[in-house]
Amino acid sequence: MLVPVPYILEAVLLFLFLMVSSGLIFYTLLILATRRGYPMKSKPVPRGFFEPTVYVLIPAHNEEAVIERTARSVLNQDYSNFKVFLINDNSTDGTLEVMRKIESSWHEKVFVINIPPHRGRSKPRAINYALELIEKAFKRPDYVFLLDADYLIGPSALRTLVGIMEGAPNYVIGVQGNVRPRNWNRNFITRFITLERLVGFNVAIEGDMKLNENGKYGGTVALLRFSHLLRLGKFREDSVTEDTDLWARALIEGYRFWYYHGIVGWEEAVETLRDYVRQRSRWAQGHLQVMLDYYWPVLRSCSGLVEAFIEHFYMMSYLVPVFWFLSVVLNGYLVLSGGVPLTLARPRLFLSVSILAFLVFWFSVAYANWLERRRTGFGVQWWFVVAYPLYFLLFVIAGVVYTMRGLLRLLAGRLHWEKTRRFT
């Protein structure tokens, strides 16, 4: 009653316009930035005795179906000075038995860590327990390589990432590799997820790396300096997305993550819309948790206005589909219905900007797919990219659902971790 409804509506429309415009600027800047070169120079890594020590950590909870293939892809590395730690986090299937079998075949290279119930039941808790055990019982490594239990990597992964880190300045805490779904062509959902991955890595992360020297940490296919990780206090155990949390804390402390597209971890993408929403709900909850905890400290730690703008958008990225959807619905309704008298808001202009933002994002999808095909020959079929507007709205609605689901759980204080179902 104190504030007239048109004023409230106008404030909402202006806010949505600013958020949608941010997305338009974000993708335009980063597409242009991908044309730059990397700021890194890889150093040749000597073989044998002089290789830096790497410990590979693979946490697993009920991963009986995939853990052996993942472990064997690591053991097949063109690198000798590494150990593999298979971390069994209270599995109730045959995961531990498979791990023991691998350990018996590679007893000098593979070690199984069985997490006690009071210290596990989440990825960051399990990894922290393993790191504490390594500090006490093993020689400290130069680097740790984090890999999720469903990922496969090529034989040159460790050598390439170690070479990048050996040539990197001390403020670089780690280097993040690339991620691609190995079941990308299974169905409609996996093709869409592949396009998400291509845009996320080939445009957003690579562009930020080349523009601001600020790659991201995705929690897997990542090589980290062991000493720096300890200095940051390891992983935050009450975080749903410990990777984004570590990225924020590292940036605040003056560290940087780098990114390199040439090392790929092949993941298993979810294959149903229900599992997609469940998985993204957890990611959204954790991402929003990081935004609420670190928003202003992260912005103050940026090197300038451009980087602050990029990281602002990155932290709010899960809310963007919600903002875009509301902008299209509200402005579209006002344009079609004739609307109400407004002072500053311009529904036709705002709707046009929302449509333009979608076109730029669609272009970024096509560009990311083209870039991947040029580099590796891999990519989603072009007909699927061309048809993007036909199914885009379905995933925007799914984005609204999983973002609101994650936000409500966060506001209710229900930090919720949901196990991702395996399909292959």
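**Aromatic pairs and charges over rings**

Hi everyone, let's start with two residues: Phe192 and Tyr276 are both buried. Keep in mind as we go that this is a predicted model.

How are the rings of Phe192 and Tyr276 arranged? Their centres are 6.4 Å apart and their planes sit at 80°, so this pair is edge-to-face. That distance falls within the 6.5 Å cut-off for pairing, and the angle is over the 60 degrees needed for edge-to-face. Now, where do the partners come from? Phe192 belongs to helix 6, residues 188-212, while Tyr276 belongs to helix 9, residues 273-300, so the pair ties together parts that are 84 residues apart in sequence.

Trp266 is in strand 8, residues 256-267, and Phe378 is in the loop between helix 12 (347-376) and helix 13 (382-386), so here the parts tied together are 112 residues apart in sequence. Are these two buried or partly exposed? Trp266 has 28% relative accessibility and counts as partly exposed, whereas Phe378, at 12%, counts as buried.

Last, let's turn to charges over rings. Lys109 has its charged end over the ring of Phe82, 4.4 Å from the ring's centre. Then there is Lys216, which lies over the face of Tyr314 at 4.8 Å from the ring centre.

Key: Residues numbered from 1 in each chain as written. Predicted model: local features only at pLDDT ≥ 70, side-chain atom pairs only at ≥ 80, totals over all residues. Heavy atoms only, no water. Phe/Tyr/Trp six-rings, centres within 6.5 Å; stacked < 30°, edge-to-face > 60°. Helix = DSSP H or I, 4+ residues; strand = E, 2+ residues; numbered from the N terminus. Buried < 20%, exposed > 50% of the residue type's maximum accessible area, 1.4 Å probe, protein only. Lys NZ or Arg CZ within 6 Å of the ring centre and 35° of its normal.
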